[in-house]
Amino acid sequence: MATIRAVHYLNQFFGQIGGEDMANLPPRIIDGPVGFGTTIKAASGDRIEIVKTIICGDNYAAENIEKLKESVLEWVSGSSPQLFIAGPAFGAGRYGMASGSLCSAVKKELGIHAVTAMHPVNPGVELAGREVFVIETKDSAQDLRRSLPLMLGIGVRLVDGLPVGSPQEEGYLPRGVRINVRAPKRGSSRAVDMLLKKLAGEPFETELPMPTYDRVHPAPPLMDLARAVIAIGTEGGIVPRGNPDRIEAHNASKWCRYDIAGVDGLQEGDYEVAHGGFDPVAANKDPDRVLPLDAARILEREGRFRKLNDWYPVTVGNVTAVRSAEKYGREMGEALKNEGVQGVILTST
Amino acid sequence: MIITAIPPIALTVGANRVVRGVAIPHPVGDPGEEPAAELEIRKGLLEKALGALCEPISEQTLFG
């Protein structure tokens, strides 16, 4: 089999330039392999030859990712490799982010196969995107010996045009890509098999892992409600007439804030439902049924709390990615906190 | 805190203070009621929500 030309990306530490003191090092390109890169040829069964190594300091990479991308794309394209390898970055966040972003850019911009490896919680996993295989590693470099051959193996197969198996078989992190396969047994039999194993206390492997969600420690209670600023908000898509910011009816790409200072209630025709996941008749007739502004004003006037916030946050929570929802929630929380809001009442449809 | 007609979902995704709302398309309203009675329901839910915000909790809690 022909030798595969590859470019290897390393941080300053694995590039044997230095530790944290060299983290501001701008990117450089060197002929041949560096550090453990010298073992890649043997570890890949003599298939991969590192023709160039790119080394960059972690801080430089994190702070100048666009500039780094530009240099790397130019260098990689000038080295005409068949494969781009970044890391493994293990649990190192800055290194992982550089590795993920660069692999994604090399694959997308140059059409060159790219592989990397890191710990599942490394933020670089997300940046690598769906087109890049990310081998799962433990959080420290002790896992190099085990993970390196897996990463190289996938790289070789990509270049050879051979199929890559499932994440479980190959040791990479699921990319969220669905591939149709023909199972030996139909779904109902597989489900019953699983159930029997579960009842018998035997190990079994689900075909549909449930997502895991973050847990947040409960916020402390409001100590003095009568002096608190309270906000209302919703994922039920209550927007001013005509949906001026075009919040999508499903999988919303944004959240918005709308002014309600001096508004005592939401009138039919002034506000409407942008949410595409429930029957909007009742809420179009009276939008207070989803965003309780009229009742909140009454309680404000009665002095139950000091003030209702002058605007409300809204998005559409309909087939919306959990990641987007987390992002919108964080942004809403920050904006409301900056406003001096102490308590938030959200409604969900 | 969150008012929702489907507390199990809110609890699954990690909400800490949850109040049960009326129905999915109108969590804080009930088109079957007279307007005055409906407003009372809505006020009642907000009172419950404010109560939840003032309650010290150490784990996810569904308020009534």
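Two residues are taken to be in contact if their C-beta atoms, placed from the backbone, lie within 7 Å. With that cut-off, the contact between the two chains draws on 29 residues from chain B and 31 residues from chain A. On the side of chain B that touches chain A, β1 (2-4), α1 (7-12) and α2 (35-54) of chain B each supply at least two residues; here helices (H or I, at least four residues) and strands (E, at least two) are DSSP runs, numbered from the N terminus. Helix α2(B) gives the largest share of that side, eight residues. By residue type, the side of chain B that touches chain A splits into 18 nonpolar, eight polar and three charged residues, where Ala, Val, Leu, Ile, Met, Phe, Trp, Tyr, Cys and Pro count as nonpolar, Asp, Glu, Lys and Arg as charged, and the others, Gly among them, as polar.

The structure is a predicted model, in which local features need pLDDT of at least 70 and side-chain atom pairs count only at pLDDT 80 or more, while totals for chains, interfaces and linings use all residues. Residues are numbered from 1 along each chain as its sequence is written, and chains are lettered from A and ligands numbered from 1 in the order in which they are written. The predictor assigns the complex an ipTM of 0.98 and a pTM of 0.61. For chain B the average pLDDT (the predictor's confidence in each residue, from 0 to 100) is 95, and 100% of the residues score at least 70.

The two chains also share strand pairing, for which DSSP must find at least two bridges between two strands. Strand β13 (residues 343-348) of chain A pairs with β1(B) in the parallel sense, over three bridges. Within this pairing, A:Ser348 has B:Thr4 of β1(B) as its bridge partner.

Chain B contains two helices and three strands, arranged along the sequence as β-α-β-α-β. Of its 64 residues, 38% are buried, a residue being buried if 20 or more other C-beta atoms lie within 10 Å of its own, exposed if 12 or fewer, and partly exposed in between, with C-beta atoms placed from the backbone. Among the contacts in chain B with a separation of 6 or more, 44% join residues 24 or more positions apart.

Chain A has 11 helices and 13 strands, and buried residues make up 40% of its 349 residues. In chain A, residues 24 or more positions apart account for 73% of the contacts with a separation of 6 or more.

One open sheet of chain A is built from six strands in the order β2-β3-β1-β4-β5-β6, with mixed pairing. Its edge strands, each pairing on one side only, are β2 (28-31) and β6 (133-136) of chain A. Direction ignored, neighbouring strands of this sheet are turned by 25 degrees against each other on average; axes are lines fitted to C-alpha atoms, for helices over the stretch in contact, and angles run from 0 to 180 degrees between N-to-C directions. Strands β4 (residues 83-90) and β5 (residues 113-118) of chain A run parallel and are joined by five bridges, with A:Ile85 standing opposite A:Val115 in β5(A). Helix α3 (residues 65-79) of chain A lies across β1 (4-11), β2, β3 (48-56) and β4 of chain A, at about 155 degrees to β3(A).

Most residues other than glycine have a negative phi, and most peptide bonds are trans. The peptide bond from A:Gly87 to A:Pro88, however, is cis, with omega near 10 degrees, and A:Pro88 is placed in strand β4 of chain A. Strand β4 of chain A also holds A:Phe90, which has a positive phi of about 50 degrees although it is not a glycine. A:Phe90 counts as buried because it has 21 C-beta neighbours inside 10 Å. A:Asp46, in the loop between α1 (40-43) and β3 of chain A, likewise has a positive phi, near 65 degrees. With 10 C-beta neighbours inside 10 Å, A:Asp46 counts as exposed.

Just after α8(A), A:Gly201 adopts a positive phi of about 75 degrees.
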